[in-house]
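The sequence and structure come first.

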Amino acid sequence: MTELIYEQPLNEKIRSYLRLEYLAQQLQANLDDDHQHRCFYPLFSLCELSERCDYRGEVLKDLDRQLFALSKWQSLPSINDDQVELYISKLTAARDILQLAQRAGHQLKQDRFLTALRQRFNMPGASCNFDLPQLHYWLAKPWEERQAEYQEWMSHFASLLSPVNLLLDLTRQTTEYQVKQASGGFYQGNSEQALSLIRVKLSAEQGCYPTISGHRNRYAIHFVQFDQQKHSDQTVEFELATCP
């Protein structure tokens with residue numbers, strides 16, 4: 001049975017973090033396997049996002065907030081001290097690196113090869129060898145050489161992506177999944193505390209997917225039949241995690 005996890009952010013900060021995490025996963029996939037020119041799309045998307053918004057200040061605030069919370073957890077008898085100390089160590093190291101780092105992707109703006117490609121990649125079908133002969137040359141290099149260059153480009157975002165991944169990991173661990181039922185394909189809920197992320201785990205064999213909406217203390221989930229592309233009127237069993 002294939003279980004899929006669907007996530008819906010309930011604030012703009014988590015929305016941005018999830019986008020960064022998704023692009024980081026795409027970068028890693030392109031580093032692991034040769035995807036030819038497609039490897040540049042997530043790289044240029046990260047460049048675009050980091051130019052629009054300097055995430056550094058917000059991430060540093062979040063790191064300090066989590067470190068303060070974890071330090072308080074250490075005094076609780078039911079908490080695994082080793083696990084807490086491990087996260088404190090990781091968060092502290094990530095914060096120290098981010099404090100000293102330049103703006104993510106800033107140095108790549110000086111790379112003439114990447115700049116030329118980025119200008120053309122926004123145009124449909126403009127990565128042909130007559131448009132970008134330099135790309136044609138680069139793709140003819142051995143994979144190991146291109147892989148090393150790609151890893152070096154990725155490293156310019158590591159100071160930002162590493163703490164974002166840690167913060168999302170901690171957010172997801174705050175709440176365990178609970179089994180729920182959506183009568184007539186619909187479920188809604190309320191929370192006394194402000195929520196940041198809704199997570200739905202659902203078996204693909206049920207033939208439907210959730211559309212999730214909400215804000216802070218309230219949320220709603222509609223289940224849609226994939227084949228018919230309309231809201232399900234069946235009772236759907238799923239697992240739910242609401243993360244503050």
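## Cavities

The second largest cavity holds about 30 Å³ of space. On a 1 Å grid over the protein atoms alone, a cavity is a set of points where a 1.4 Å probe fits but cannot get out, and lining residues have an atom within 4 Å of a point. Grid points are joined across faces, edges and corners, and a volume is the space filled by probe spheres set on the points. The lining of the second largest cavity consists of Asn30, Asp33, Asp34, His35, Gln36, Cys39, Trp138, Trp143, Arg146 and Tyr150. Helix 7 supplies the largest share of this lining, 3 residues; helices (H or I, at least four residues) and strands (E, at least two) are DSSP runs, numbered from the N terminus. By class, the lining divides into 4 nonpolar, 3 polar and 3 charged residues. Here Ala, Val, Leu, Ile, Met, Phe, Trp, Tyr, Cys and Pro count as nonpolar, Asp, Glu, Lys and Arg as charged, and the others, Gly among them, as polar.

The structure holds 2 cavities of 30 Å³ or more. The largest cavity contains about 70 Å³ of space. Its lining is formed by Ser50, Cys53, Asp54, Tyr55, Arg56, Leu98, Gln102, Arg103, Ala104 and Leu160, which comprise 5 nonpolar, 2 polar and 3 charged residues.

## Model and overall figures

The model is predicted: local features need pLDDT of at least 70, side-chain atom pairs count only at pLDDT 80 or more, and totals for chains, interfaces and linings use all residues. Residues are numbered from 1 along each chain as its sequence is written, and side-chain values use heavy atoms, with hydrogens and water left out.

The protein has 8 helices and 8 strands. Its C-alpha trace spans about 55 × 50 × 30 Å along the principal axes. Of the 244 residues, 39% are buried, where buried means under 20% relative accessible area, exposed over 50%, and partly exposed in between (1.4 Å probe, protein chains only). Among contacts (heavy atoms within 4.5 Å) with a separation of 6 or more, 72% join residues 24 or more positions apart.

## Largest pocket

A pocket is an open set of grid points with protein on both sides within 12 Å along at least five of seven lines. The largest pocket has a volume of about 520 Å³. Its lining has 23 residues, and Gln66, Trp73, Leu170, Thr171 and Thr174 lie nearest its centre.

Helix 1 (12–32), helix 3 (56–73), helix 4 (81–100) and helix 8 (158–173) each contribute at least two lining residues. The most come from helix 3, with 6 residues. By class, the pocket lining has 12 nonpolar, 8 polar and 3 charged residues.

## Nonpolar cores

A nonpolar core is a set of buried Ala, Val, Leu, Ile, Met, Phe, Trp, Tyr and Cys residues joined through side-chain atoms within 4.5 Å. The largest has 50 residues, of which Phe40, Leu43, Val59 and Trp153 touch the most other members. At least two residues of this core come from each of helix 1, helix 2 (40–52), helix 3, helix 4, helix 5 (112–121), helix 6 (133–139), helix 7 (143–155) and helix 8. Helix 1 gives the most, with 8 residues. Another core lies apart from this one and has 15 residues, including Leu10, Ala182, Val200 and Leu240.

Beyond its neighbours within four places in sequence, Leu43 contacts Leu27, Leu108, Leu114, Tyr150, Trp153 and Phe157.

All 7 of the 7 residues in strand 4 (residues 197–203) are buried. Leu197, Arg199, Lys201 and Ser203 point one way, while Ile198, Val200 and Leu202 point the other way. In a regular strand the side chains alternate between the two faces of the sheet.

Strands pair if DSSP finds at least two bridges between them. Strand 1 (residues 3–9) runs antiparallel to strand 4 and is joined to it by 7 bridges, with Pro9 partnered by Leu197. Strand 8 (residues 236–243) is also antiparallel to strand 4, through 5 bridges; in strand 8, Ala241 stands opposite Arg199.

## Positive phi angles

Most residues other than glycine have a negative phi. Arg216 has a positive phi, near 55°, and is found in the loop between strand 5 (208–215) and strand 6 (218–225). Arg216 counts as partly exposed because its relative accessibility is 44%. Gln229 also has a positive phi, near 55°, and sits in the loop between strand 6 and strand 7 (230–231).
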